[in-house]
Amino acid sequence: FTDYITGLYERGSRIFSSAIGLSTMTPILSECFINLLIFSLRTDEMKQNTRLYDSFVRSNIDIKIMDLHNRCYGFERPVDHSSNEFKSFKRIMNLRNDQIHGNVNIKADCIETVYFDKYTPLFTKGTDPLEEFFNQLESIVNAKDILDRYVATHHFFQEILSCLDGRHRNELEMILAADSFGYDMSRGRMGILFPKIAKSGLTIHKSDYEFT
C-alpha cells in the first residue's frame, strides 16, 4: 500500500507541476510569437517611428492580431477573427487574464460537494482520503484541457501563417526554426546567422613537417 501511495504522490506531483508550467507558458509563447512576427515583418513606417511601434506592441493582443495586415508586410488577407481558431485563442487568453487577476468562478472551479456531520467531512463517494487527495490534485489542473489549449494555440499560429504570402511565410518559418538569428542593422532585417550544418578544417603546410 505504501508503494501505491508513493506512486500516486509522484504521479500527482509530476502532473501538477508540469501542467501548471505548460498552462503558464502557453500564453507567453503566444505573446512571443505575435511580437516576433511584428518585429520581423513590420512596415518601414513602423521601423522609422519608434513610438508607433512601441504603442502597437504594447496594445492588447487581440487588437494587434486584427491589425497585423496593416502594420506588417506579407499579409495577403487579415486574420479572420470569426474563425474557430481565433475564438479558441481568445478563450485561452481570457483564461490567462482571469488567472493573473485572481478571478474565481465557484461553479467552474469547484472540485467536489462536501457535507459535514458535525466535525466529520462526508464525501459523496467513499474512498481512501489520501488516494482521493491525489486524484483531486490531478483534476484541479485538468492536464487534458491544458494540452488541448497548447495544441489550439499552435493551430492558431498556423492560421496566422496561412495569411502570409509564400516568401514572407518562408522567411518567418526559417527564423522560428532557427536556434539563433541575427539582425542586419543597415537594412533593418532579421536573418539566420549560422547554418544548421557547419564544416571546419585545419590547413597543414608541408613545410611544417620538414626537418633540417
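Predicted model: local features only at pLDDT ≥ 70, side-chain atom pairs only at ≥ 80, totals over all residues.

**Entry 1: α1 against α10**

I then looked up the geometry: the axes of α1 and helix α10, residues 166-177, come within 11 Å and cross at roughly 125°. That angle makes α1 oblique to α10, because the roughly perpendicular range ends at 115 degrees and roughly antiparallel begins over 145.

Which residues in α1 meet α10? On the α1 side I listed F33, L36, L37, S40 and L41, and across from them, in α10, H168, L172, I175 and L176. Sorted by class, this contact of α1 with α10 has seven nonpolar residues, two polar ones and no charged ones.

**Entry 2: a closer look at S40**

S40 sits in helix α1. Is S40 buried or exposed? S40 counts as buried at 19% relative accessibility, because the cut-off for buried is under 20%.

I also checked what S40 touches once its neighbours within four places in sequence are left aside: the partners are L172, I175 and M190. Of these, L172 and I175 are also in the α10 part of the contact with α1. One more distance went into the notebook: S40 and G188 lie 148 residues apart in sequence, yet their C-alpha atoms are 8.9 Å apart in space.

**Entry 3: α1 against α9**

Next I turned to the other pairing of α1. The axes of helix α1, residues 2-41, and helix α9, residues 143-161, come within 9 Å and cross at roughly 15°. α1 is therefore roughly parallel to α9, since angles under 35 degrees count that way. The crossing of α1 past α9 is left-handed.

I wrote down the residues that make this contact. From α1 they are I15, A19, L22, S23, T26, L29, S30, F33, I34 and L37. From α9 they are A143, I146, L147, R149, Y150, T153, H154, F157, I160 and L161. By class, I have 14 nonpolar, five polar and one charged residues in the contact of α1 with α9.

**Entry 4: cysteines**

How many disulfides does the structure hold? The count is zero. C32 counts as partly exposed, at 47% relative accessibility. C72 is buried, with a relative accessible area of 4%.

**Entry 5: K118**

I checked the backbone at K118, and its phi is positive, about 65°, although K118 is not a glycine. K118 lies in the loop between β1, residues 114-117, and β2, residues 120-123. With a relative accessible area of 70%, K118 is exposed.

**Entry 6: the whole chain**

I finished by stepping back. The protein has 10 helices and four strands, and from the N terminus on they run α-α-α-α-α-α-α-β-β-α-α-α-β-β. Of its 212 residues, 28% count as buried. I also looked at how far along the sequence the contacts reach: among those between residues at least 6 apart, 67% join residues at least 24 apart.

Key. Residues numbered from 1 in each chain as written. Heavy atoms only, no water. Axes fitted to C-alpha atoms, helices over the stretch in contact; angles between N-to-C directions. Helix = DSSP H or I, 4+ residues; strand = E, 2+ residues; numbered from the N terminus. Parallel < 35°, antiparallel > 145°, perpendicular 65-115°, else oblique. Left-handed = near helix turned anticlockwise from the far one by under 90°. Contact = heavy atoms within 4.5 Å. Nonpolar A, V, L, I, M, F, W, Y, C, P; charged D, E, K, R; others polar. Disulfide = S-S within 2.5 Å. Buried < 20%, exposed > 50% of the residue type's maximum accessible area, 1.4 Å probe, protein only.
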